[in-house]
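Visitor: Hi, I'm new to this one and would like a slow walk through it. Could you put it up on the screen?
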Amino acid sequence: MSAEDTIFALSSGQPPAAIAVLRVSGDRARDVLCNLTGSVPDERRASLVQVRDPDSDDLLDMALALWFPGPHTATGEDLAELHCHGGRAVVRAIESVLSKQTGLRKAEPGEFTRRAFANGRMDLAEAEGLSDLLFAETEIQRRSAMQMAGGSLSRQVEEWQKMLLALSAQVEAELDFSDEDDVVPAQLEKIRQSTGTLATTIGDILKRPRTEKLREGIRVVLGGPPNSGKSTLLNALVDREAAIVSDIAGTTRDVIEVPVALGGIPFLFVDTAGLRDEAGEEIEQIGIERAHKQFDQADVILWLGEEGQGPDSMALIELAARKDHPEHRKKSSGVLALSPITGEGMNDLVDLLIEKAADLLPADQQLSVNERQAGHLAAVHDHVSDIGTESDFLIIAENLRLARQELDALTGRASTEHMLDSLFGNFCIGK
Amino acid sequence: MNQDFDVIVVGGGHAGCEAAAVAARMGVRVALVSFTRDGIGAMSCNPAIGGLGKGHLVREVDAFDGLIGRAADEAAIHYRMLNLSKGAAVQGPRVQADRTLYRRAIHRMLDELDGLSIVEGEVSSLILSGYRVDGIVMADGTKLMAQAVILATGTFLNGKLFRGEESVAGGRTGEAASLSLGEQIRGAGLPIARLKTGTPPRIDGRTVNWAELPEQPSDGEDWTMSPVTKSRTVPQVFCAVSRTNKQTHDIIRESLDRSPLFSGAIDAQGPRYCPSIEDKIHRFADRDSHQVFLEPEGLDTHLVYPNGISTSLPPDVQEAFVRTMSGLEQAEIVVPGYAVEYDHIDPRALDRSLKVRDLEGLYCAGQINGTTGYEEAAAQGLIAGIGAACVVQGKAALELDRSTSYMAVMIDDLVLQGVTEPYRMLTARAEYRLRLRADNATTRLSPVARELGCLGPERTAWFVNRSRERAEILRILEKDYGSEDLASAGLEVRRDGTRQSLFAWLRFPDVALDLLSQIEPDLSVSCSRLQAEIEEDARYAPYLERQEAELRDLRANEQITLDPAMDYGAIAGLSNEMVERLKAARPDTLAAASRVRGVTPAALAAILVHTRRKNARKAA
């Protein structure tokens with residue numbers, strides 16, 4: 001596979017739909033458009049065209065064609081779009097004709113975005129946001145991804161950069177020009193105050209859940225001995241919303257993971273199925289270990305077993321889940337009692353889960369980061385925190401430089417020259 | 001009669017002298033051409049050598065056995081270590097030098113070099129054949145042939161002096177400008193731009209009321225600019241400090257329309273960090289006073305250099321505002337200050353040996369490349385001299401990078417970024433400054449200098465000795481000791497059972513190298529400088545380790561070479577500004593491209609992808 005191939009893909013959702021958008025990106029985009037529609041429309045103007053199979057001359061569809069010559073396009077390359085009717089047969093037919101064109105192949109997942117990044121059309125944080133946006137399946141995922149793709153993280157980082165640059169400028173002035181009285185001495189206390197505030201801000205962001213959580217969903221593990229009603233509850237939760245997004249195969253055969261959106265929030269329900277079906281002491285032991293591993297990773301544990309017998313975890317919620325059952329045993333007051341069979345209490349459970357999720361997911365309008373970004377921010381946090389106890393300006397300057405570099409790695413930009421600009425803009429330097 | 005040389009150096013300032021001297025030390029035949037023999041080794045502006053960043057450059061040139069450090073010591077009438085209260089990496093040695101003694105030292109050192117001839121006269125043109133330079137033609141018609149010509153002409157190219165409303169052609173006051181050579185260089189298609197610089201009025205020291213002013217004495221320590229200088233020899237004098245005041249500022253403000261800077265006669269960019277006094281008062285109107293250092297120019301002259309009031313105002317205004325300052329009420333101006341506007345070559349047309357990329361055999365060094373300062377000039381002279389001599393001798397070019405020297409930082413900045421104002425070295429420019437100390441220049445650079453043959457016999461002997469002693473000390477410092485051992489020897493460390501190398505113990509503020517000899521009797525340090533260097537190495541070692549990963553990345557990107565003829569305009573995603581800068585800089589590696597100003601990581605990714613595509617196409 002080479003990066004210079006021209007690529008195409010269905011850029012809208014799975015058919016059937018009213019309209020399907022097929023996108024072609026790369027050097028051959030113009031020729032392909034010409035081959036299929038007989039002409040190239042004016043730049044950036046939608047034109048109604050007949051799409052034909054160039055081999056048989058069969059009419060495939062009447063479509064809108066758009067032509068965007070590079071480099072000022074979404075991918076930074078020549079780009080063509082066909083907005084055709086969204087029936088399965090139409091889309092399949094056009095895709096099949098496209099794939100027969102020389103130098104053209106179907107895009108890999110995310111390849112349009114990769115090209116946009118490689119061609120400098122967006123920075124890394126924006127690219128990550130866009131990729132999340134394309135993956136977004138629930139409303140809350142979409143909103144968060146929109147924030148990132150719109151550059152809210154990049155903007156925040158830029159603000160931090162500016163602040164660190166200003167601090168660097170003060171320290172550098174102290175180091176390079178302190179013999180010249182025109183420079184205001186750098187004030188250690190003020191610098192520490194600013195870096196302290198930044199460390200706190202970044203520390204707070206680092207404490208928030210990663211955006212991966214939005215993609216993966218809140219991990220709700222159902223726990224309890226065999227026949228405590230876990231499967232019934234799981235099925236009820238799933239059926240009730242009928243919102244299975246896709247069926248992810250369990251990480252092991254003994255664990256069932258079902259993604260469900262409740263109230264627009266992604267959940268991943270995990271049934272520790274292994275506990276149930278195994279027999280024999282040795283295997284039982286393995287099953288328990290696996291269950292415990294699940295409990296460790298859980299954001300929420302719904303405990304259906306004997307009260308107080310569940311794992312010792314902050315995430316644990318006691319449930320009395322078989323209110324309809326003859327063997328139903330009450331738990332203490334305040335413990336939610338419900339029945340997946342009759343549906344009694346199910347609404348309360350869903351509300352409870354949504355409420356829990358609010359604490360576990362990045363809040364709306366709140367900046368959150370993915371693991372990669374968190375890695376850089378953690379480094380920034382360490383570097384600026386070190387300044388708190390340092391009085392050697394040389395080391396402070398080095399820590400500021402390293403912090404700026406980590407922020408650069410997040411999105412880009414800034415250099416020694418930027419710092420000097422900032423320095424010279426603020427100080428009267430010289431003799 | 002035509003004479004033949006290997007290398008011709010045009011200009012006898014700091015760049016020219018270092019270029020000629022290093023080429024001669026390396027064993028090639030050199031002609032140093034100057035208007036007058038007397039002008040060689042002149043300090044045309046500030047009588048100071050060294051300073052922050054600049055002191056580093058002096059020590060680095062000295063590590064190649066250069067002239068500037070040793071000459072500064074022979075002429076130093078005032079020593080001052082700047083930033084003494086801060087970490088060693090940003091301490092800057094600086095001296096006031098007696099002009100006469102300095103020039104005498106340079107002349108003596110040049111005379112001692114075999115294979116170096118001094119040629120007096122004006123250079124009228126270069127001898128060009130196609131894309132190579134074969135020599136020069138003197139104004140009297142004499143032709144000098146050589147494989148390489150180094151232009152170190154300072155501000156002499158199309159120089160124009162400004163003082164108030166008057167302006168005259170000339171490089172320094174009282175000297176002619178190189179007009180015809182300038183025209184030829186313009187004609188050769190080299191990118192040329194104009195810059196300006198300025199100098200303050202010189203004052204007769206006998207008319208200064210010194211008693212009224214705070215004194216600034218010479219440092220009591222015994223450090224010297226060059227580590228091979230055995231001791232300070234010249235009598236020390238003190239400097240004094242005066243200040244501008246409201247009255248000074250009023251006079252200057254009222255006369256701004258008579259300054260060529262503000263009347264529009266000069267539109268070239270001057271240095272932001274060394275602005276004229278009229279610039280300072282205009283740009284920083286909120287300040288009501290600026291410091292002025294009164295620096296004696298020498299032992300046998302009464303001239304005083306008032307550092308901080310560079311100006312091109314008319315002489316009557318200069319006299320009026322000078323006399324508003326305390327101690328200067330009766331001051332007589334001997335030579336009024338002036339501004340110089342001059343041509344410089346866009347250094348992005350040069351390669352890392354300072355050779356013009358598109359012309360074989362032509363090198364440029366010093367102010368002609370848009371820099372300011374003796375030290376910057378000397379360092380470039382050294383680099384160009386080594387570059388030319390290496391070509392003559394068929395040696396591989398000298399390779400320095402930003403993590404090993406300030407010289408490399410400067411060259412890299414010049415050839416990649418170009419200049420928008422006279423370029424001055426600052427420690428802030430060196431991102432790996434923790435490892436680039438003025439006190440470890442010998443350790444960093446003398447090995448490669450020796451390999452290239454830049455060290456004279458005396459320096460070589462000194463260096464070999466020093467290296468042996470250093471290696472022996474470091475060997476002993478590798479030994480592990482526990483906190484008990486140190487504490488029992490009376491060193492102030494916590495008895496917490498820590499066991500580590502003596503080198504690691506040195507990191508602690510209360511552990512000094514000479515104290516460790518109580519534990520390791522073999523540990524003896526003959527030289528306090530070496531001791532200080534090793535202690536600093538130990539102190540900052542953890543921070544240097546932290547930089548290692550970064551340096552590995554940098555070096556990996558330096559392995560990715562870029563086509564110098566790359567068509568940046570054809571790469572999607574680069575802004576017009578980036579394309580323009582990349583075209584001018586022609587970075588040789590991806591690492592270099594990453595340093596070109598304004599080039600973002602996204603743009604780098606695009607450049608990388610483009611390069612890979614092209615290579616893939618070539619391979620296909």
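Guide: We will go from the cores to a helix, then to strands and sheets, and end with some annotated positions. Please keep in mind that this is a predicted model.

Visitor: Okay, which residues touch the most other members in the largest nonpolar core?
Guide: That core has 130 residues, and those touching the most other members are B:Ile8, B:Ile49, B:Leu110, B:Ile136, B:Leu151 and B:Ile386.

Visitor: And which helix gives the most to this core?
Guide: Helix H10 of chain B, residues 374–393, gives the most, with eleven residues. As background, nonpolar side chains tend to be buried together in soluble globular proteins.

Visitor: What is B:Leu151 in contact with, leaving aside its neighbours within four places in sequence?
Guide: With those neighbours left aside, B:Leu151 is in contact with B:Val10, B:Leu126, B:Leu181, B:Ile185 and B:Leu362, and also with B:Tyr363, B:Cys364, B:Ala365 and B:Ile368. Another core, of 34 residues, lies apart from the one we began with, and its members include A:Ala199, A:Val369, A:Phe393 and B:Leu434.

Visitor: Switching to helices: which residues of H12(A) are buried?
Guide: The buried residues of H12(A) are A:Met346, A:Leu349, A:Val350, A:Leu353 and A:Ala357. They sit on the same side of the helix, because the arc they cover around the axis is only 95°.

Visitor: What does the face turned away from the buried side carry?
Guide: That face of H12(A) carries the exposed residues A:Glu355 and A:Asp359. An α-helix has 3.6 residues a turn, so residues three or four places apart point the same way.

Visitor: How far apart are the end C-alpha atoms of that helix?
Guide: The end C-alpha atoms of H12(A), which covers residues 346–360, are 21 Å apart, and this agrees with the 21 Å that its 15 residues should span at 1.5 Å a residue.

Visitor: Now strands. How many residues of S6 in chain B are buried?
Guide: Six of the six residues in strand S6 of chain B, residues 92–97, are buried, so the strand is mostly covered. B:Gly92, B:Arg94 and B:Gln96 point one way from S6(B), while B:Pro93, B:Val95 and B:Ala97 point the other way.

Visitor: Which strands are joined to S6(B)?
Guide: Strand S4 of chain B, residues 48–50, is joined to S6(B) by three bridges and runs antiparallel to it, with B:Ala48 having B:Gln96 as its bridge partner. Strand S5 of chain B, residues 76–82, is joined to S6(B) by six bridges, also in an antiparallel arrangement, and there B:Leu82 has B:Gly92 as its bridge partner.

Visitor: What about chain A, in what order do the strands of its six-strand open sheet come?
Guide: The order is S8-S9-S7-S10-S11-S12, and the pairing is mixed. The edge strands, each pairing on one side only, are S8 (256–262) and S12 (336–337). Within chain A, strands S7 (residues 218–223) and S9 (residues 265–271) run parallel and are joined by five bridges, and A:Ile218 stands opposite A:Phe267 in S9(A).

Visitor: Is A:Asn227 buried or exposed?
Guide: A:Asn227, which lies in the loop between S7 and H9 of chain A, is exposed, with a relative accessible area of 61%. A:Ser231, by comparison, is placed in helix H9 of chain A, residues 230–241, and counts as partly exposed because its relative accessibility is 22%.

How values were computed: Residues are numbered from 1 along each chain as its sequence is written. Chains are lettered from A and ligands numbered from 1 in the order in which they are written. This is a predicted model: local features need pLDDT of at least 70, side-chain atom pairs count only at pLDDT 80 or more; totals for chains, interfaces and linings use all residues. Side-chain values use heavy atoms; hydrogens and water are left out. A nonpolar core is a set of buried Ala, Val, Leu, Ile, Met, Phe, Trp, Tyr and Cys residues joined through side-chain atoms within 4.5 Å. Buried means under 20% relative accessible area, exposed over 50%, partly exposed in between (1.4 Å probe, protein chains only). Helices (H or I, at least four residues) and strands (E, at least two) are DSSP runs, numbered from the N terminus. Contact means heavy atoms within 4.5 Å. The expected span of a helix is 1.5 Å times one less than its number of residues. The arc is that of the directions from the helix axis to the C-beta atoms. Two strands pair if DSSP finds at least two bridges between them.
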